[in-house]
Amino acid sequence: MAEYLIKNGFVFDPVLEINGDKVDIAIKDGKIVQSTEIKNPTVVDAAGKTVMAGGVDIHAHVAGPKVNVGRNYRPEDKLFNYEPRKGVKRMAGGFSVPTVFRTGYKYAQMGYTTVMEAAMPPLYARHTHEEMRDTPILDQGAYPVFGNNWFVLEYLKNHEVENAAAYISWLLRTTRGYAIKIVNPGGTEAWGWGLNCNSIHDPVPYFDITPAQIMKGLMDANEALRLPHSIHIHTNNLGNPGNYETTLDTFKLFQGEKPNNDFGREQVMHHTHVQFHSYGGDNWGNVESKADEIMNYVNNNDNMTMDLGCVTLDETTTMTADGPFEHHLTELNHLKWANTDVELETAAGVVPYIYSPNVKVCGIQWAIGLELALLAKDPMRVFITTDHPNAGPFFRYPRVMKWLMSQDAREAQMDALKWAEKVRSATLLSGLDRELTLYEIAAMTRAGTAKALGLSHMYGSLKPGLEADVAVYDYNPETAEDPELIEKAFGNAAYLFKGGEIVVKEGEVVSNGNKKTLWVDAKVAENPQVQRDVAEKFLRYYTVTQANYEVNEKVFMKNPYRIEVDATQ
Amino acid sequence: MAKIISDVVCPFCGTLCDDLEVKVSDDGKEILEVYNACVIGTEKFLHSQAKDRLTVPMKQDEEGNWNEVSVDDAVEYTAQMLCNAKKPLMYGWSSTNCEAQSKGHEIAELVGGVVDNTATVCHGTTLIAVQDVGVPSCTLGEVKNRADRIVFWGCNPAHAHPRHMSRYSIFPRGFFTGKGHKARKMVVVDPRSTDTAKMADLHMQIEQGRDYELLSALRVAIRGNPLPETVAGIPRETIQDVAETLKSGRFVVIFFGMGVTQSLSKNHNIDIAIALTRDLNDYTKAAIMPMRGHYNVTGSGQVLGWQFGYPFCVDLSRGFARYNPGDSTSNDLLRRGEVDAVFVLGSDPGAHFPISSVKKIAQLPSVCVEPHYTPTTAVCKLHMPVAFVGVEEGGCAYRMDNVPIETRKVVEPPEGMLSDEEFLERVLERVKEIKGVA
């Protein structure tokens, strides 16, 4: 494999504590190596440019059944944005729900190399893997949803954490999943009857367990299994005024808990798209930001991580396993509504949404997403996302970075809101003069996310021995003044190396790379009871046989990459 | 010693039953028995064993005589036909696996073809309605475990999806439905007294083509608003009774078929059926599901969706994907004379398209990839026989509720027989050579 030397760039790497120094990065055999180890490299001149590890997205909806519903039921999403086939690129289109090809190319052009699909219904795992298989360039993994799974509800109701863990191990292996995702715990099962759980103490109909018990029990199982990632939570009561209290209640469930793993992960829980969970007030008239209260807790408790879910003020397509929320949303905006309840496991809904700068609440949501990042004391625990495509498409990350790095850019957007004064008074954003640095951005988009995923041995840094995923941006931190340059440069990587291969060259995709699909194989002691329970449920309540449930690695996955964990001790 | 292969997936209809058992001879070459399948599914397996099965490609000469050709010749003819055409129609895809569909899409992209599937003449109207109003739905296991109100509208599962009622919708006892059919109310809406209708608690024998009116009336009745004495031939009291039955259910499911998708009003029927389902969600839980026919027509829509963003009639001839039902749909293109070659795989337009379209196919350079003799193979210039997917070849298929299942291979195809995917792979290689693409 070719050797490369990326010379003279301004390097930002929080793991190596390199903050804009000019450091040469050497690549050999697909890995980062010491400069002394390469003999005859191709030299890439990065003078005047910014160099970072490849981006790692901890939470996006890019593959699977609800994503494809979004594509198929929104032909209008493809208007004016289709790109023809060119060179190695397939034809590709779509704005808020791009085709798989466009997803790969767009992320690559942003300098991202690893993207995790944030919610995989286990029964549809095969579909999710088929889409990931067709997504070029990116290393990917998918989180199966567990928060409304009947096995989990029954085991945890009976305080059988060991059985829950054995079941989780089985399901991760069967679906080739990566981590434990929890979406509206209990509430989505209640949605099977048209109901919901609005607080973490609302009992789930029939199952007689509360969301708090589900989340706590799944954390215990996660730590017993010593999984690379922690539980990944989207808690109850998303998107409602006053919901910050539910969010804090959720955070507090895990106060003082300690992680247990060999992957360097330090959190016991990751809370996703916190912007949607940080609302004060008690109706849409008086909704206000509670980002300060949320971040006060996060800053003082280092056993958790979170991502933002920044609203980008675009027309987009919302999609979530929070089935009752999507019904609530369609009642609110009267746009088309898709819903699928999935037997024994979960549900999901899809509703288009327009975050209009002319709507006060949208302005408040936009401000809250940014406030969360600006109030964060530890950028290694707070990550940039848009909950793609829920709060906006992922290719707006460079725009979010611009807002976070420039107060002028934020104020310009604030002034462009129709209800700017009302937004100012309901939020804290105008009072925040912090401007994030590239070093902090590197933590929020690479080093921190890789660590939280338990993947810091592969991604997130330019440390020798790691995957040679390197992004070079045409951005000179010493001379750049115009904040628009941030958005332009970080949306059009000058170079992207993926696994030691050049994938983007001067802004153009030149290779489809050699993607990996990550999954976690957690070994547990043999558990006859769980084996019996699985067999019985398949016989009596599922509509596919147990033998037809498992994802066939050879057929459905491209370069499967198994991460082994031994939890038999 | 015969052996039994279990958990076999049936490659016939959208019900995609996956509990079949197939008894094969010891050498793995012959299917002896098929257990658990319905009569149609059984026939699909046994038919692959027909002694007179065509195994060599056949080509029509100018006088209309059929001559055997080699597989290489078949690949060459197909690749040249597709490359020489300005706008080839690549139709079918509903009776093959997703892997073959994917390969076909890549060819279509290179040659600038139109990819359309059988939804174009069955549930395409449903897909259009979903684009208008969305679709609240569920998996078939939710029906089995929760549903206590089942509506069959313009469909006849007793004949078209023979195991649907026993596996999923009427008879099974699920988690919250321990009494099975005894605790379910079954409503059938159909102008005919079908075998399904005869089983119903309530059969609304609607006047033909007046589904939109009856669906509207049900929406009115659910809101408790006044109705005329009869709507679509159904007395007011019956409509009110049905509305009350649905509202009082814990979980309502409406299944609908081509009786509504291809009758007057077409996609508007489905728009309002979905709207009715949405309305019911204000009172209880309700879902709606199309009764998809081919076992993998749903998969074709899915693969097209993630690769191009649209579920059927995707026109790639301009270098980017374009979707416009009524314009980029197969019959419109054929009847307007807008396509100059036809490639058919995994369906039988000769039997199901209007005769005016079939005549056009007969006049054009055309290839039919198909294990059987069909009306389509009779009008195409080249008949390329292939292995049966789901019998002689595995691969992914999507059930009517979009659940993907991996089909299983139970016997070897006749010697030298290619699968759809293998044939398409060879065509793709040749197309790349002709087009000079790396």
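Predicted model: local features only at pLDDT ≥ 70, side-chain atom pairs only at ≥ 80, totals over all residues.

**Where the chains meet**

I started with the salt bridges (a side-chain nitrogen of Lys or Arg within 4 Å of a carboxyl oxygen of Asp or Glu), and found 5 between chain B and chain A. One of them joins Glu189(A) to Arg146(B), with the closest N and O atoms 3.0 Å apart.

Residues are numbered from 1 along each chain as its sequence is written, chains are lettered from A and ligands numbered from 1 in the order in which they are written, and side-chain values use heavy atoms, leaving out hydrogens and water.

Next I looked up the contacts (heavy atoms within 4.5 Å). I got 64 residues of chain B touching 55 residues of chain A. The buried area (accessible area, 1.4 Å probe, that two parts lose on being put together, summed over both) is about 5100 Å², and carbon and sulfur atoms give 52% of that.

Which elements of chain B give two or more residues to the side that touches chain A? My list includes helix H3 (98–111), helix H5 (140–146) and strand E8 (134–138) of chain B; helices here are DSSP runs (H or I) of at least four residues and strands (E) of at least two, numbered from the N terminus. H3(B) has the largest share, 7 residues.

**A strand pairing across the chains**

E8(B) turned up again: strand E18 (residues 337–342) of chain A pairs with E8(B) in the parallel sense over 5 bridges. Strands count as paired if DSSP finds at least two bridges between them. Thr340(A) has Ser137(B) as its bridge partner in E8(B).

**Inside chain A**

I then checked an aromatic pair (ring centres of Phe, Tyr or Trp, the last by its six-membered ring, within 6.5 Å; planes under 30 degrees apart are stacked, over 60 edge-to-face, the rest tilted). There are 37 such pairs over all chains. Phe95(A) and Phe395(A) sit edge-to-face, 5.3 Å centre to centre with 75° between the planes. These two Phe residues link distant parts of the chain, 300 residues apart.

Last, I traced an open sheet of 5 strands in chain A, ordered E11-E12-E13-E16-E20 with parallel pairing. Its edge strands are E11 (181–183) and E20, each pairing on one side only. Between E12(A) and E13(A) I found 3 bridges, and His232(A) has His270(A) as its bridge partner in E13(A).
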